[in-house]
Amino acid sequence: MNLLNFHIKIPRLQLWSICCRIARPLLICSLTMEQHSPETTATKPFGPGHIIHPQAKHTHTIILLHGRGSTAEEFAEELSESNLSGGKALQEAFPGWKWVFPSSKEHWNTTFQEFMPEWFEAQSLADPTMGQHLQIEGIRDSVSYVNELIEKEVQVLGGKTENVVIGGISQGGTIALWTLLSRHKMNSKRLGAFVGASTWLPFARNIRNLLSQRRESQSGPSMFDSFVMDIMGSARNRLETNFSKEYLETPIFLGHGTDDAYVDVDLGREAMEILSDAGFNASWKEYTGAEQEGHWLKVPEEIDDIKEFLTRI
């Protein structure tokens, strides 16, 4: 086996994780160097999606977002190979469901100095607050795109918002979470459910500020507070909420590996706490021993738990 063939067979999500490990010691150094984007555009269009059509009458649609460094097709393939305890793929348990896997844009990553598939630029997985100003445009753009996909599927399903499920893994999960938090501005009806794995919630402190009506300074909201307010609207804490009761009834499942080497489990716990503070009733489960150093779905336990969760909606 030559070296080229070996690298081709590494899944892109796993390859990205390896790159993150290699790059971490160099990250601080690289961020102090002058960064250059290519002379053309620093962002490419959203990539091609991957759809698994229902095998029976279409009743639900689930939209699942891949992690950074992956694509729609690769995520769909890896998920289909992560079987339930009975040996079947998760998709087989829901024959009336349409499975939609969107692809992110390819952004010019200032850390690695190359184009890569990512929903937004994140300079560090160890510290999600690093380079937050670079995250805003990608999050806003990706959330808008996912909301467009949701509305298309709602129309296909005869206006039944409650029959559309969203979710994702890692960075894809963050965009799915932000999409969920943005939904009440455009539609107070609840979605069918949310499913997230090994993910986190960017701008967590600023979301807490909004929910509790705190400000970073007396001079007014910070740039990051303003961004959060723009996406979420005029939310309040649950004692004085503008979230509709129906919207808050969206079922939520979050799973995370306690040994996740790339997105620390404490970041997942923080996301869970914020969702609870907002008034959601979310389910949280922790796992150990998943592939890719804990940064993947634990097979079969987590797959079984997701199946049970989705069966109840």
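Some ground rules come before the details. Residues are numbered from 1 along each chain as its sequence is written, and side-chain values use heavy atoms, with hydrogens and water left out. Since this is a predicted model, local features need pLDDT of at least 70 and side-chain atom pairs count only at pLDDT 80 or more, while totals for chains, interfaces and linings use all residues.

Let me begin with confidence, where pLDDT is the predictor's confidence in each residue, from 0 to 100. The mean pLDDT of the protein is 84, and 81% of its residues reach 70 or more.

I turn now to charged pairs. Side chains of opposite charge can pair when their charged atoms come close. With a salt bridge taken as a side-chain nitrogen of Lys or Arg within 4 Å of a carboxyl oxygen of Asp or Glu, the count comes to 11 salt bridges. One of them joins aspartate 141 and lysine 105, at 2.4 Å from N to O. Aspartate 141 lies in helix H4 (residues 136-156), whereas lysine 105 sits in the loop between strand S3 (97-101) and strand S4 (106-109), so the pair ties together parts that are 36 residues apart in sequence. Helices (H or I, at least four residues) and strands (E, at least two) are DSSP runs, numbered from the N terminus. For accessibility, buried means under 20% relative accessible area, exposed over 50%, and partly exposed in between, with a 1.4 Å probe and protein chains only. On that scale aspartate 141 is partly exposed at 30%, while lysine 105 counts as buried at 16%.

Another salt bridge runs from arginine 208 to aspartate 277, with the closest N and O atoms 3.2 Å apart. This pair links distant parts of the chain, with arginine 208 in helix H6 (residues 204-212) and aspartate 277 in helix H9 (residues 265-278), 69 residues apart. Both residues are partly exposed, arginine 208 at 24% and aspartate 277 at 32%. What else belongs to the network of salt bridges that holds Arg208 and Asp277? Glu273 does, and the three residues are linked in that network.

A further salt bridge, at 3.5 Å from N to O, brings together glutamate 308 and arginine 312. Here glutamate 308 is partly exposed at 46%, and arginine 312 is exposed at 56%.

Next come the aromatic residues. Rings of Phe, Tyr and Trp (its six-membered ring) pair if their centres lie within 6.5 Å, and planes under 30 degrees apart count as stacked, over 60 as edge-to-face and the rest as tilted. The count by this rule is 13 aromatic pairs. In one of them, phenylalanine 46 and tyrosine 145 have ring centres 3.9 Å apart and planes at 10°, so the pair is stacked. Phenylalanine 46 lies in the loop between helix H2 (12-32) and strand S1 (50-52) and tyrosine 145 in helix H4, so this pair ties together parts 99 residues apart in sequence. The rings of phenylalanine 94 and tryptophan 97, by contrast, have centres 4.7 Å apart and planes at 40°, so that pair is tilted. Phenylalanine 94 is buried at 7%, and tryptophan 97 is buried at 6%. Ring pairs also link Trp178, Phe203, Phe224 and Phe227 into a cluster.

Threonine 161 lies in the loop between H4 and S6 and counts as buried at 1%. Beyond its neighbours within four places in sequence, threonine 161 is in contact with residues including Val154, Arg183 and Asn187.

As for cavities, on a 1 Å grid over the protein atoms alone, a cavity is a set of points where a 1.4 Å probe fits but cannot get out, and lining residues have an atom within 4 Å of a point. Grid points are joined across faces, edges and corners, and a volume is the space filled by probe spheres set on the points. The largest cavity has a volume of about 130 Å³. Of the 14 residues that line the largest cavity, the closest to its centre are Leu64, Leu79, Val195, Leu297 and Ile306. S7 gives the most to this lining, with three residues.

Technical notes: 1 Å grid on protein atoms, 1.4 Å probe; cavity = no way out; pocket = protein on both sides within 12 Å on 5 of 7 lines; lining within 4 Å. Contact = heavy atoms within 4.5 Å.
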